[in-house]
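Here is a short briefing to read alongside the model.

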There are 2 protein chains.
Amino acid sequence: MDFELRILGSSSATPSANRHHTAQVLTIGNQHHLIDCGEGTQMQLMLYKIKHQRISNIYISHMHGDHYFGLAGLISTMHLQGRQAPLHLFGPPGLAEILTLQLKYSGTNLVYPLIFHELDTNCHKRIFEDKQLSVYTIPMEHRIPCCGFLFKEKVKPRPLLKEKLPPHLSPPQLVRLKWAEDIKDEKGNVLVSYKDVTGEPKRSRSYAYCADSRYKPDIIPIVRQVDMLYHEATFLDDLRDRATYTFHSTALQAAELASQAAAKKLLLGHFSVRYKDLTPLLEEARQVFPNAELAVEGSVFYVEE
Amino acid sequence: MDFELRILGSSSATPSANRHHTAQVLTIGNQHHLIDCGEGTQMQLMLYKIKHQRISNIYISHMHGDHYFGLAGLISTMHLQGRQAPLHLFGPPGLAEILTLQLKYSGTNLVYPLIFHELDTNCHKRIFEDKQLSVYTIPMEHRIPCCGFLFKEKVKPRPLLKEKLPPHLSPPQLVRLKWAEDIKDEKGNVLVSYKDVTGEPKRSRSYAYCADSRYKPDIIPIVRQVDMLYHEATFLDDLRDRATYTFHSTALQAAELASQAAAKKLLLGHFSVRYKDLTPLLEEARQVFPNAELAVEGSVFYVEE
């Protein structure tokens, strides 16, 4: 199954001629999860041929415009294109109020269900789950309420080793073995141990999206050992004071956090318009955390199962 | 003095990969008037190197997103870039409420004055004037309250013919002559006739922006003999019924209106995404009104003095 992240925008708030405001698409299996939705996101989705119909959930980290001003347009376009499937929208207080007002004044009765999920950005909490995936908030420290999002695949079933399976097991017994449960008799004696007849399950992959924030090491337990950690890196570390003052981070701080969390890969984004060339940000991060990459428009990052 | 219209977007509501949502910049002298502000307008302004600082007034025709979803982003960027000059925003009811809410939830106290002017879209009324220009609403007929905008230069001063001027006229007397006033003695006898000592003033130019609307011939007296008439042309005339049903117009209807109004030039825009090639729309209009043009992204139209 796919576990693929596509970057649609890498710019911080002041726009740049060559970069777009923050938006990312995490594709897990057949489903797109849109993370933040800066102005122009619907044009970027068109550019990369990402189908709206497969976007089931949209997550907005905070109410600065560079993270959500593309949302009303995308929601409207989905309406004009006759979407039928429900759309789940996770965001901070204010988002539902603004969108509801925009729909009212445009005289729009959406042809599909738009379901708001208001977030408490201060806590680490599960906000969504389905068969494969759980999504959690990650509290960030920004000028206004802001959270990141942790996407974690659930534990996967263990593969049955057919050559080792005793005959005549029933389908419910096979399911129990797949989910690491032994088959026992009425007295509790183990008849078939799942360890004997199943292999190791495929890895459960994870992605942590750490939105706009000061360096915040208390999130490390939440993002420990994630496969990919996106962290904003608005500035180089020579502007650390400015980063702190504006509630942002430096590339070095992002790398320190990735290192302390033992993340497998670090993605840097949300770059200040002052950096025409992003190489120094990448180099700064790699001094501390070698497996760092620039999360720039169009780049795609996979996690293998 | 310049009188120049730059087109930033030509697409109707459903976005197209190659076209942008509606926005235009009318430059009169040193001042930019931004007319509608679809999503991505600030990127288009950057592309065409149009300076925010020179935008004094923004006019929003109606509250469909393809005409204003770029506004919040532009207003925020002006804030981030330290704008100081007041910005005048003319738009229908709802616009101030939405933007105020967006600013509230983003925790933004704008560093420049944003002055809302709520429009009555149902009447033809002067909404702005300065030394050179008057701007009027043009009531349109759309699904929601909608108006266009008529930009009219004021009558200009008559040039003094120096070789014909008698000596010893005072500066106030010269000003009166420029503004077509004779110089008289105390008994009312004409001492200097302005007709003898001044030439004809330069032309007062005009531009009418007719936003989303059904064919609405009752606006003809308002737009009569304008130098440039922009009219939406969402459809070809074989879809006239669909145009009427969706409160839009066809290229032929736009041309008929331009012809009846004796406009000097017609600009067509707001094209449905179904038309990859816009030539048929232009050809249809030119059958009725030969001096028609496509108002596509990047095109610039001048009016000579």
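This is a predicted model: local features need pLDDT of at least 70, side-chain atom pairs count only at pLDDT 80 or more; totals for chains, interfaces and linings use all residues.

Two strands are said to pair if DSSP finds at least two bridges between them.

**Strand β1 of chain A and its partners**

- Strand β1 of chain A spans residues 3-9 and is mostly covered, with 6 of its 7 residues buried.
- One partner of β1(A) is strand β2 (residues 23-28) of chain A, and the two run antiparallel over 6 bridges.
- Another partner is strand β16 (residues 300-302) of chain A, which pairs with β1(A) in the antiparallel sense over 3 bridges.
- In β16(A), the residue opposite A:L5 is A:F301.

**Aromatic pairs**

- Over all chains, the count comes to 14 aromatic pairs.
- One of them joins A:F90 and A:F128 edge-to-face, with 6.2 Å centre to centre and 75 degrees between the planes.
- A:F90 belongs to strand β5 (residues 87-91) of chain A and A:F128 to strand β7 (residues 126-129) of chain A, so this pair ties together parts that are 38 residues apart in sequence.
- A:F90 counts as buried because its relative accessibility is 1%, and A:F128 also counts as buried, at 16%.
- In chain B, B:F151 and B:Y207 form a stacked pair, with 6.3 Å centre to centre and 20 degrees between the planes.
- B:F151 is in strand β9 (residues 147-153) of chain B and B:Y207 is in strand β12 (residues 206-210) of chain B, so the pair ties together parts that are 56 residues apart in sequence.
- Both B:F151 and B:Y207 are buried.
- In chain A, ring pairs link A:Y59, A:F90, A:F128, A:F149, A:F151 and A:Y207 into a cluster.

**Charges over rings in chain B**

- B:R83 places its charged end over the ring of B:Y112, 5.5 Å from the ring's centre.
- B:R214 lies over the face of B:F247, 3.7 Å from the ring centre.

**The annotated binding site in chain A**

- An unreviewed UniProt entry carries the annotation "binding site" for A:D66, A:H67, A:D212 and A:H270.
- These residues are spread over 205 residues of sequence, yet they cluster in space, with a largest C-alpha distance of 10.7 Å.
- A:D66 is found in the loop between β4 and α2 of chain A, and its relative accessible area of 6% makes A:D66 buried.
- Leaving aside neighbours within four places in sequence, A:D66 is in contact with A:S11, A:S12, A:A13, A:H21, A:T22, A:G38 and A:H270.
- A:H270 sits in the loop between β14 (266-269) and α9 (279-288) of chain A, and A:H270 is buried, with a relative accessible area of 1%.

- A:M63 is in the loop between β4 (55-59) and α2 (71-80) of chain A, and A:M63 counts as buried because its relative accessibility is 2%.
- Not counting residues up to four places away in sequence, A:M63 touches residues of chain A including A:Y68, A:P92 and A:I144, as well as B:Y105 and B:S106.
- A:M63 and A:I144 are 81 residues apart in sequence, while their C-alpha atoms are 7.5 Å apart in space.
- A:V288 is in helix α9 of chain A and counts as partly exposed, at 31% relative accessibility.
- Not counting residues up to four places away in sequence, A:V288 touches A:L252, A:A255, A:E256 and A:S259.
- From A:V288 to A:E256 the separation is 32 residues in sequence and 6.4 Å in space, C-alpha to C-alpha.

**Where the two chains meet**

- Between the chains, 36 residues of chain B are in contact with 36 residues of chain A.
- Together, chain B and chain A bury about 2800 Å², of which 64% is on carbon and sulfur atoms.
- On the chain B side, B:E39, B:F69 and B:Y105 lose the most area to chain A, together 23% of what that side buries.

Notes:
Residues are numbered from 1 along each chain as its sequence is written. Chains are lettered from A and ligands numbered from 1 in the order in which they are written. Side-chain values use heavy atoms; hydrogens and water are left out. Helices (H or I, at least four residues) and strands (E, at least two) are DSSP runs, numbered from the N terminus. Buried means under 20% relative accessible area, exposed over 50%, partly exposed in between (1.4 Å probe, protein chains only). Contact means heavy atoms within 4.5 Å. Rings of Phe, Tyr and Trp (its six-membered ring) pair if their centres lie within 6.5 Å; planes under 30 degrees apart count as stacked, over 60 as edge-to-face and the rest as tilted. A charge sits over a ring if NZ of Lys or CZ of Arg is within 6 Å of the ring centre and within 35 degrees of the ring normal. UniProt positions are given in the numbering used here, feature names are shortened, and annotations may be inferred rather than shown by experiment. Buried area is the accessible area (1.4 Å probe) that two parts lose on being put together, summed over both.
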